[in-house]
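Here is a short briefing on one protein chain.

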Amino acid sequence: ALPISMNISYYNETTYYSEARRSYGGTGQDWTAGDAKALVLWFKGLPEDPDYQDPAPLYVKLKDTSGNIAKVTYNDACGVPDANAVLSTSWQEWNIELQDFNDGGVDLTDVNALIIGIGDGATAAAGHVYIDDIKVYPSRCVVGLARKIGADITGDCEVDFSDLDVMASQWLGIDKRVV
């Protein structure tokens with residue numbers, strides 16, 4: 001049985017991208033309410049037909065009522081756009097900092113459209129991607145992304161003795177002798 005989620009079928013033959021849009025009408029939504037910091041969604045490709053699943057970049061756009069649009073593309077761990085992510089047969093969590101949309105010129109207090117797209121605008125591709133659990137979250141620690149927090153050396157979302165142990169064991173590990 002297939003999951004109950006949004007299925008985006010893309011057949012990017014002429015425009016080379018496909019998009020699903022959720023508009024919020026004439027008035028914008030305040031995506032900073034409740035100290036919101038991240039947009040999170042889950043996605044996976046269609047494992048039942050791997051021959052009909054081409055790689056293509058996955059992206060999210062936000063649009064404000066003034067017409068400003070900012071786009072964030074799914075990247076791999078090194079920060080490089082990952083077109084193969086849509087080939088994944090298991091659910092992938094994508095955490096997007098809302099600040100990335102703000103930096104792109106979108107007024108986060110006046111959002112009137114969420115757009116999820118597949119494709120780069122230049123390469124033909126076809127397949128299916130499931131999207132689920134689209135949510136806006138306040139500041140929170142996400143295991144695996146925790147190393148962005150300076151003191152959390154172990155990346156487990158806690159600053160504790162384990163972080164001190166790693167720091168202490170490496171404290172004098174670098175040879176600082178002048179040659």
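Does Ser18 count as buried or exposed? Ser18 counts as buried, because its relative accessibility is 15% (buried means under 20% relative accessible area, exposed over 50%, partly exposed in between, with a 1.4 Å probe and protein chains only). This is a predicted model, in which local features need pLDDT of at least 70, side-chain atom pairs count only at pLDDT 80 or more, and totals for chains, interfaces and linings use all residues. Residues are numbered from 1 along each chain as its sequence is written, and side-chain values use heavy atoms, with hydrogens and water left out.

**Around Ser18**

- Ser18 lies in strand E2, residues 17–23.
- Its side chain makes a polar contact with the side chain of Asn12, at 2.5 Å (a pair of N or O atoms within 3.5 Å; within protein, one must be able to donate a hydrogen and the other to accept it, and residues adjacent in sequence count only if both atoms are side-chain atoms).
- Beyond four places in sequence, Ser18 touches Ser9, Tyr10, Tyr11, Asn12, Tyr59, Ile116, Gly117 and Ile118 (contact means heavy atoms within 4.5 Å).

**Overall make-up**

- The chain has 2 helices and 8 strands (DSSP runs numbered from the N terminus: helices are H or I with at least four residues, strands are E with at least two).
- From the N terminus, the order of elements is β-β-β-β-β-β-α-β-β-α.
- The chain has 179 residues, and 33% of them count as buried.
- Among contacts with a separation of 6 or more, 79% join residues 24 or more positions apart.
- The accessible surface is about 10,700 Å², and carbon and sulfur atoms hold 52% of that (Shrake-Rupley method with a 1.4 Å probe; for residues, only the protein chains shown count as cover).

**Sheet E1-E8-E3-E6**

- This open sheet has 4 strands with antiparallel pairing, in the order E1-E8-E3-E6 (two strands pair if DSSP finds at least two bridges between them).
- E1 (6–12) and E6 (92–97) are the edge strands; each has a single partner, so one side of each lacks a neighbour in the sheet.
- The twist averages 35 degrees from one strand to the next (axes are lines fitted to C-alpha atoms, for helices over the stretch in contact, and angles run from 0 to 180 degrees between N-to-C directions).
- E1 and E8 are joined by 7 bridges, and Tyr10 has Gly127 of E8 as its bridge partner.
- E3 and E8 share 8 bridges; here Phe43 stands opposite Ile131.
- E3 (36–45) and E6 pair over 6 bridges, with Ala38 partnered by Glu97.

**Sheet E2-E7-E4-E5**

- A further open sheet of 4 strands runs in the order E2-E7-E4-E5, with antiparallel pairing.
- E2 and E5 are its edge strands, and each pairs on one side only.
- The twist here averages 20 degrees from one strand to the next.
- E4 and E5 run antiparallel, joined by 5 bridges, and Leu62 stands opposite Ala70 in E5.

**Nonpolar core**

- The largest nonpolar core has 30 residues, of which Phe43, Val60, Leu62, Trp94 and Phe101 touch the most other members (buried Ala, Val, Leu, Ile, Met, Phe, Trp, Tyr and Cys residues joined through side-chain atoms within 4.5 Å).
- Elements giving two or more residues to this core include E4 (58–64), E5 (69–73), helix H1 (98–103), E7 (111–119) and E8 (125–138).
- Beyond four places in sequence, the contacts of Leu62 include Trp31, Ile69, Leu98, Phe101, Val106 and Val111.
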